[in-house]
Amino acid sequence: MNPQRILFATVPFDGHFSPLTGLAVHLKQLGHDVRWYVGGHYGDRVRALGLPHYPTVKARVINQTNMDELFPERKKIKNPISRARFDVKQTFLNPIPGYVDDLMAIHADWPFDLIVYDLACLGALFVQELLAIKGVAVGVLPLFESESNPPADDPHQFPLKRWLVRRAKRAKVYLTFRVMMKPCNVLYNELRGQYGLPPESGFMFESVFRNAHLYLQSGVPGFDYPHRQFSPNVRFVGPLMPHRSGQKTPFRQAERTLPYKHVVLATQGTFENDVEKIIVPTLEAYKNDPDTMVIVTTGGSGTEALRERYPQSHFLIEDFIDYDAVMPYVNVYVTNGGYGGVMLALKHKLPIVVAGVYEGKDDIADRVQFNQVGINLNTETPKPAQIYRAVTKIRADDTYRQRARQLSREFEQYQPNQLAVGYINALMTEKPGLLVTT
């Protein structure tokens, strides 16, 4: 593939930005002119990658750091369905016109040949269609179930149970995408109409699968459901990880873990700042268990207060810890279901306890349970006893660790950046059957 002008475009969330950084740097190293459009503090991170940065101009920067400040009414929304609609509308839909204006202005100044965007950056999809240029979407979440990609059967279940589960899953899909999210789908098509784009049927994010010329899915088929029908432009590329410059940073407090029989790593990611949801219950579960070390990353939410509240010597509470460095010393990973963390845990052969429901985390938790790599607690607010029992069960049943090892071996068969470049190369040279991995 000849050198191309490639623009990356992502919404300003860590889980949407970070997985694309390794691919962007790899494309730059191959000689392409790679630039990045993203708002907020991510501009500093783009420049640290050695890439030119385009900040948001017309689009507002909306993410977990300022949602409640920009929309104080959000705190008053107690109904989970209403809150989900509100978040999708404010975070992903209302910013679309600003994204479109910004991206069109960038193209007028620097006519990029290809746009690469995360699945939530819907304004980039609009621009791909409006300019009739090549577009590559990146799945930073699992391939979600929908009416055009229905849930699969578990061949190990009895026929009656399979039928009942299939009916229940299809009902859930219908209620989620056709009822719960209907106002969002209507607004999405209204926005498409403003630009003369045809309406899309079904759930709004399905249009990304349908209309992107190529959909690169982070992850492996082994973490998906078996026997599913995928769109012809979907390609699994293995787990897309953040770019690393230089050698792997060692875990500086590794020696603290060595005296303990068990080590648990717990996190809520960077979006959820209520430490009472998972972090506090995990610490409560083990505050009287000196044989288990608990390592907690808060994402910068209430770290000092937690240290004062839980001064136990077998607790390590930090704002951030390099998961890639710490996970070799860990036995079980407790999480709210962030996809990047789950992928990294499986890469390190770690079984998982998941307590997440919203922002698509229930789908991730279901896959963890289905693939027997961990336990789904089916709640956003687990009790300490629930976490303790789940971790104890994982320790006692080696099935979870064996399945995590199997998926880790599947991960090793993929070279994500090389595979992604091969598929992009085939797209840009219009040879869809060709795979070039250089």
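An axis here is a line fitted to the C-alpha atoms of a helix over the stretch in contact, and angles between axes are taken between N-to-C directions. With that in hand, welcome to this predicted model.

Let us start with a pair of helices. Two packed helices are described by the angle between their axes and the distance between the axes. Helix H5, residues 80-93, and helix H9, residues 182-194, have axes that come within 10 Å and cross at roughly 20°. Angles under 35 degrees count as roughly parallel, so H5 is roughly parallel to H9. Their crossing is right-handed. On the H5 side you will find Arg85, Val88, Lys89 and Leu93, which meet Pro183, Cys184, Leu187, Tyr188 and Leu191 of H9. This contact has seven nonpolar residues and two charged ones, with no polar residues.

Now turn to a second pair. Helix H2 (residues 21-29) packs against helix H19 (residues 416-428) at an angle of about 65°, and their axes are 10 Å apart. The crossing of H2 and H19 is right-handed. Here Gly22, Leu23, His26 and Leu27 of H2 meet Asn417, Gln418, Ala420, Val421 and Ile424 of H19. By class, five of the residues in the contact between H2 and H19 are nonpolar and four are polar, while none is charged.

The structure has two cavities of 30 Å³ or more. The second largest cavity holds about 50 Å³ of space. Its lining includes Pro142, Leu143, Phe223, Asp224, Tyr339 and Arg367. Taken as a whole, the lining of the second largest cavity divides into six nonpolar, two polar and two charged residues.

Notes: Residues are numbered from 1 along each chain as its sequence is written. This is a predicted model: local features need pLDDT of at least 70, side-chain atom pairs count only at pLDDT 80 or more; totals for chains, interfaces and linings use all residues. Side-chain values use heavy atoms; hydrogens and water are left out. Axes are lines fitted to C-alpha atoms, for helices over the stretch in contact, and angles run from 0 to 180 degrees between N-to-C directions. Helices (H or I, at least four residues) and strands (E, at least two) are DSSP runs, numbered from the N terminus. Angles under 35 degrees count as roughly parallel, over 145 as roughly antiparallel, 65 to 115 as roughly perpendicular and the rest as oblique. A crossing is left-handed if the near helix is turned anticlockwise from the far one by less than a right angle, and right-handed if clockwise. Contact means heavy atoms within 4.5 Å. Ala, Val, Leu, Ile, Met, Phe, Trp, Tyr, Cys and Pro count as nonpolar, Asp, Glu, Lys and Arg as charged, and the others, Gly among them, as polar. On a 1 Å grid over the protein atoms alone, a cavity is a set of points where a 1.4 Å probe fits but cannot get out, and a pocket is an open set with protein on both sides within 12 Å along at least five of seven lines; lining residues have an atom within 4 Å of a point. Grid points are joined across faces, edges and corners, and a volume is the space filled by probe spheres set on the points.
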